[in-house]
Amino acid sequence: MKKSLLVSWLVVLCFSCTTDREIQQPIVAIDPNSVLVYYWNFNGLSGTVTEVTPDYSASAANAQITYPGSGNGYMDAFDPGYANNARNNDIEGSGLRARNPSNTRSLIMDLPTSGYRKVVLQFATARSGSGATSQIYNYTLDGTTYTNVGLSVNTFNPAEDPTINIVTLDFSSVTGADDNPDFKVKIDFDGATAAGTSGNNRFDNVTLEAIPLAGNAPIDTPAVVFHYWNFNALAGTLTTVGPDASLIDGSGANIAYPGTGAGYIDSFSPATILNAQNGDSDGMGLRVRNPSNTRSLVISASTSGYKNIVVKFATAKSSASGASVQNYSYSLNGINYLTTQLATVTFNPNIDPAYDIVTLDFGPIAAANNNPNFKVRIEFGGTEAAGTSGNNRFDNFTFQGNPL
């Protein structure tokens, strides 16, 4: 689904692929200066647990998730987990399960925010068929007394797995949540099924993002996505495709497929959520039709105002008849193409639905920074590329970098 509010996807995320397991949620604008403070992916989780510490923490504080209360409810791992809101291309792996009876317990997230402000908490969630039908959200500023004042989302009805939702709790207007060692979030469970002896609510990929205070900031301004193609509004045969979102006004960024022969580009569905930003659905993708050995996919994408450029995209091929080789190069002047200092120059795509994320890191190439003429070229090889059927498939192109 197309997003008109660009800033909501500025924090760079990388996702794994889980087809048809996601429902879109309202967009929350995460400040582009935010960084990842805590992250639970639960992929190392197994068995019954009483507390879970983050898989990643930028803070020395003791963040954890617990499930205090009374009765027979408990926490354990479930498998497979979810790709939604995952970071660093993490696989689905495991997730955290809050077991019934859950109406006598609360899921408590200890989230000290010392050194950070404008806090945003996100997580993927669902329930089993007999799991609690309602989640109720509150927070505490003193570690004891809970409230929902200033919280625009304070209750949510999770869907039944395999339909997954991303819940976003935005504390950026709650000033007391800033720089607070006692900050916690509580999730209570309700509905007729919450008192049951079976059933559960499920959580995965819990992230807390916030802006570092002075003296706690990273050396570089945080990287942002400045061009993004999700192709979800694509239809029919095309000659050029502009980005679905761009932070560089008038850049003329586009994707084209110049060359000779009968090859062309069009849309296909369903695509993938791999590398999708902002919880976008799998929707549509871009299809590069054979014969592809006489054409090139050219992405013209100005990097004006950005450095440390990284390009990512999801890709696969249609079948054994799709081109088996992709070759990558770049242009600094818009005319001549190079592979110098590019660590990844070729890739062999798998057959759909086995998508991969390809990452092209131009960080070592200083001339790629702040360059209005920057382009990336993908050429196609293998005996299949000359065929009259078959295609390579692309989705969720991102260009990211640090603002100058």
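**Exercise 1.** Leaving aside neighbours within four places in sequence, which residues is Phe171 in contact with?

*Solution.* Keep in mind that we are working with a predicted model.
- Step 1: set aside the residues within four places of Phe171 in sequence; the contacts that remain are Val119, Leu121, Tyr139, Leu151, Ala177, Phe183 and Val185.
- Step 2: The largest nonpolar core has 41 residues, and Phe171, together with Leu107 and Leu121, touches the most other members.
- Step 3: look beyond that core. There is a second, separate one of 38 residues, with Ile248, Ala301, Ile365 and Val376 among its members.

**Exercise 2.** Work out whether strand β24 (residues 296–300) is enclosed or open, and find its partner strands.

*Solution.* 
- Step 1: count the buried residues, taking under 20% relative accessible area as the cut-off. In β24, 5 of the 5 residues pass, so the strand is largely enclosed by the rest of the structure.
- Step 2: check each face. Ser296, Val298 and Ser300 are buried on one side, and Leu297 and Ile299 are buried on the other.
- Step 3: turn to the pairing. Strand β21 (residues 254–256) runs antiparallel to β24 and is joined to it by 3 bridges; here Ile255 has Ile299 as its bridge partner.
- Step 4: do likewise for strand β30 (residues 375–381). This strand is also antiparallel to β24, with 5 bridges between them, and its Arg377 stands opposite Val298.
- Step 5: Arg377 lies over the face of Tyr337, 4.1 Å from the ring centre.

**Exercise 3.** Classify the aromatic pair formed by Trp229 and Phe397, and explain why it ties together parts that are apart in sequence.

*Solution.* 
- Step 1: start with the whole structure, where a search finds 22 aromatic pairs.
- Step 2: take the geometry of Trp229 and Phe397. Their ring centres are 6.5 Å apart and the planes make an angle of 80 degrees. Planes over 60 degrees apart count as edge-to-face, and the pair is therefore edge-to-face.
- Step 3: locate the two residues. Trp229 belongs to strand β17 (residues 224–229) and Phe397 to strand β31 (residues 391–403), so the pair links parts that are 168 residues apart in sequence.
- Step 4: widen the view. Trp229 and Phe397 belong to one aromatic cluster, which also includes Phe226, Tyr257, Tyr306 and Phe394.

How values were computed
Residues numbered from 1 in each chain as written. Predicted model: local features only at pLDDT ≥ 70, side-chain atom pairs only at ≥ 80, totals over all residues. Heavy atoms only, no water. Buried < 20%, exposed > 50% of the residue type's maximum accessible area, 1.4 Å probe, protein only. Helix = DSSP H or I, 4+ residues; strand = E, 2+ residues; numbered from the N terminus. Pairing = 2+ DSSP bridges. Core = buried A, V, L, I, M, F, W, Y, C linked by side-chain atoms within 4.5 Å. Contact = heavy atoms within 4.5 Å. Phe/Tyr/Trp six-rings, centres within 6.5 Å; stacked < 30°, edge-to-face > 60°. Lys NZ or Arg CZ within 6 Å of the ring centre and 35° of its normal.
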